[in-house]
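Biologist: I would like a close look at a single part of this model, and then at its surroundings. Please keep the terms plain and give their cut-offs.

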Amino acid sequence: MTRTLEATTPKTVNPSRTVATSTSARLRNWGPPLVVFAAIIVVWYAAALYLESLGRTTVLPTPHRIVIDSFLPTDGGRPITTDLLRALWLSTEVALIGLAISIVIGIGWAVLMSQARWIERSLFPYAVFLQCVPILALVPLIGTTLGYSFESRILVCVLISLFPMVSNTLFGLQAVERSQRELFKLQGASRFTVLTKLQFPNAMPAIFAGMRISAGLAVVGAIVGDFFFRRGQPGLGILINNYASRVQTPELFAAIITAAILGVAIFLIFGLIGRLAVGRWYEPAS
Amino acid sequence: MSTLTLTPTAVSTDVASDPLLDFRNVAMQFPNGTVALSGVDLTVKRGEFVTVVGPSGCGKSTLLRIASGLENASEGTATLATKRIGYVFQDATLLPWRTVQSNVELLAELNGQPKKARAAKARAAIDLVGLSGFEQNLPKELSGGMKMRTSLARSFTLDPELFLFDEPFGALDEITRERLGDELLRIFVEQQFAALFITHSVAEAVYLSTRVVVMSGRPGRIVDTFEVPFEHPRDPDLRFTPEFAKLCGQVSHALREGHS
Ligand SMILES: Nc1ncnc2c1ncn2[C@@H]1O[C@H](COP(=O)(O)OP(=O)(O)OP(=O)(O)O)[C@@H](O)[C@H]1O
Ligand SMILES: [Mg+2]
């Protein structure tokens with residue numbers, strides 16, 4: 001008498017996972033950017049060789065010169081990889097600490113604002129304000145209160161990377177469907193229950209998207225902070241500044257490339273963390 | 001194939017139970033001035049399956065929202081004689097990060113039921129709607145019909161005495177819709193709850209219910225009420241009988257009259 005209408009055997013394959021790992025999908029994802037990369041290298045060589053033929057060798061070194069002169073230790077030249085690695089480590093540390101602070105403050109700020117319209121109206125303008133103040137204008141103030149060392153670099157990271165965390169978290173917390181909210185309301189769920197069981201999980205994809213943007217900005221903050229707050233161990237920004245002022249072009253490029261790799265790596269890592277955390281259930285609207 | 005039974009049920013003698021839902025002269029005017037309902041009298045008792053049909057925007061959802069307490073009527077009284085209501089929304093309203101099992105457990109969880117009890121309850125409800133084997137699937141891995149079944153299962157976990165359905169099958173294709181209707185009726189016959197069911201489809205209204213209430217365009221008033229004489233359990237082939245067609249015709253007619 002009881003008729004079950006759809007197949008009652010459990011699914012054994014997860015279709016999204018099998019598609020994601022297929023080679024054709026990987027080729028589609030990685031192919032085009034690699035082609036662009038190859039094109040950039042070709043153009044770079046052409047430009048460098050042309051400038052060399054004009055006798056202007058310091059402007060744009062060829063890619064392999066950068067690798068040989070700066071990344072690889074040679075007999076005559078001084079290896080700078082140790083300097084670079086130490087600076088990379090330091091900048092990573094500054095960026096990650098700044099990011100962690102941004103995440104905590106940003107989520108807390110957004111949760112507070114999500115609790116009442118009037119709180120949101122009182123506090124949101126300050127998030128926008130922070131985003132709008134030019135960091136450069138704050139440098140003397142930060143320097144005189146926090147000193148010209150790590151703490152100030154970290155503060156710059158926080159100031160630069162805070163806004164995406166605040167706005168994304170707030171958006172995610174508020175983007176709960178009305179019927180879902182009413183489902184909880186009909187059971188007499190408390191504000192706290194709604195926050196922890198509905199709003200927060202619902203906000204996770206937006207929070208991770210914000211985290212990825214903030215992570216990239218935190219790296220920018222770490223490098224920019226170096227330019228102003230030069231006491232203590234040098235980060236990548238200080239190295240870049242030093243190499244530039246001494247016209248050590250290959251070393252300068254090496255430092256820039258290291259900084260870029262740091263930015264990209266952090267962006268990718270936080271993208272991966274996001275996918276591990278919410279990719280299981282989250283389907284971006286297509 | 002069972003044969004059709006078209007014995008009229010003796011509605012008038014069934015006065016033993018008090019209404020679970022009682023609307024007296026209910027009107028609804030929203031703060032912005034929109035009048036959604038006016039002068040609505042309606043009762044739903046245990047064992048009654050009342051459907052409401054009416055043109056879009058006439059106030060059907062508002063009616064359910066008032067019945068559930070999500071909204072307060074601006075005039076008249078709406079009395080709910082039970083706390084155990086099941087509200088089924090037009091969309092499945094599943095939490096996408098929870099599995100079927102965990103979604104079905106949600107209401108019991110919010111009511112503070114212990115883990116073991118609510119897990120068992122959820123499994124029974126999942127079984128009831130024919131979703132066994134899909135407990136660990138996520139909503140994104142389900143079809144529209146399966147999502148709706150999950151939503152139905154969820155509403156069953158608190159053993160509601162009164163169900164409020166807001167066009168639950170509106171987004172589904174006709175075949176799935178009819179199948180789910182049959183499933184719902186099977187459970188109705190088993191459990192004899194009371195139901196207030198909103199739909200756009202006249203055939204669905206007549207097939208499912210013991211009583212069809214026809215509403216006019218906004219502001220929604222009740223323009224006609226039809227007792228449905230077909231006995232439960234109903235045969236799916238009931239839909240193709242002349243009596244069924246005749247009643248559908250009458251309801252459609254009332255709907256058209258009320259609309260103009
Ligand atoms: N919160 C509100 N504020 C103002 N007007 C509202 C509100 N909610 C609903 N309405 C209005 O009340 C009327 C009835 O709405 P309701 O959602 O009850 O219609 P419905 O009969 O369920 O329509 P449909 O069949 O399309 O779902 C509509 O005109 C709608 O615009
Ligand atoms: Mg509606």
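In which helix of chain A does Glu182(A) lie?

Modeller: Glu182(A) lies in helix α8 of chain A, residues 178-186. Helices here are DSSP runs of H or I with at least four residues, strands are runs of E with at least two, and both are numbered from the N terminus. This is a predicted model, in which local features need pLDDT of at least 70 and side-chain atom pairs count only at pLDDT 80 or more, while totals for chains, interfaces and linings use all residues. Residues are numbered from 1 along each chain as its sequence is written, chains are lettered from A and ligands numbered from 1 in the order in which they are written, and side-chain values use heavy atoms, with hydrogens and water left out.

Glu182(A) is buried, with a relative accessible area of 9%. Buried means under 20%, exposed means over 50%, and partly exposed is in between, with a 1.4 Å probe and protein chains only. Leaving aside residues up to four places away in sequence, Glu182(A) touches Arg65(B), Leu70(B) and Phe89(B). Contact means heavy atoms within 4.5 Å.

Now the interface as a whole. Chain B gives 35 residues to the contact and chain A gives 34 residues. Between them the two chains bury about 3,100 Å², with 59% of it on carbon and sulfur atoms. Buried area is the accessible area (1.4 Å probe) that two parts lose on being put together, summed over both. Of the area that chain B buries against chain A, 23% comes from Trp97(B), Leu110(B) and Lys140(B), more than from any other three residues.

There are 2 salt bridges between chain B and chain A. A salt bridge is a side-chain nitrogen of Lys or Arg within 4 Å of a carboxyl oxygen of Asp or Glu. Glu109(B) forms a salt bridge with Lys197(A), and their closest N and O atoms are 2.6 Å apart. On the side of chain B that touches chain A, at least two residues each come from α1 (60-68), α2 (100-110), α4 (144-156) and α5 (174-191) of chain B. That side divides into 14 nonpolar, 9 polar and 12 charged residues. Here Ala, Val, Leu, Ile, Met, Phe, Trp, Tyr, Cys and Pro count as nonpolar, Asp, Glu, Lys and Arg as charged, and the others, Gly among them, as polar.

As for chain B itself, its secondary structure comes to 7 helices and 9 strands. Buried residues make up 55% of its 260 residues.
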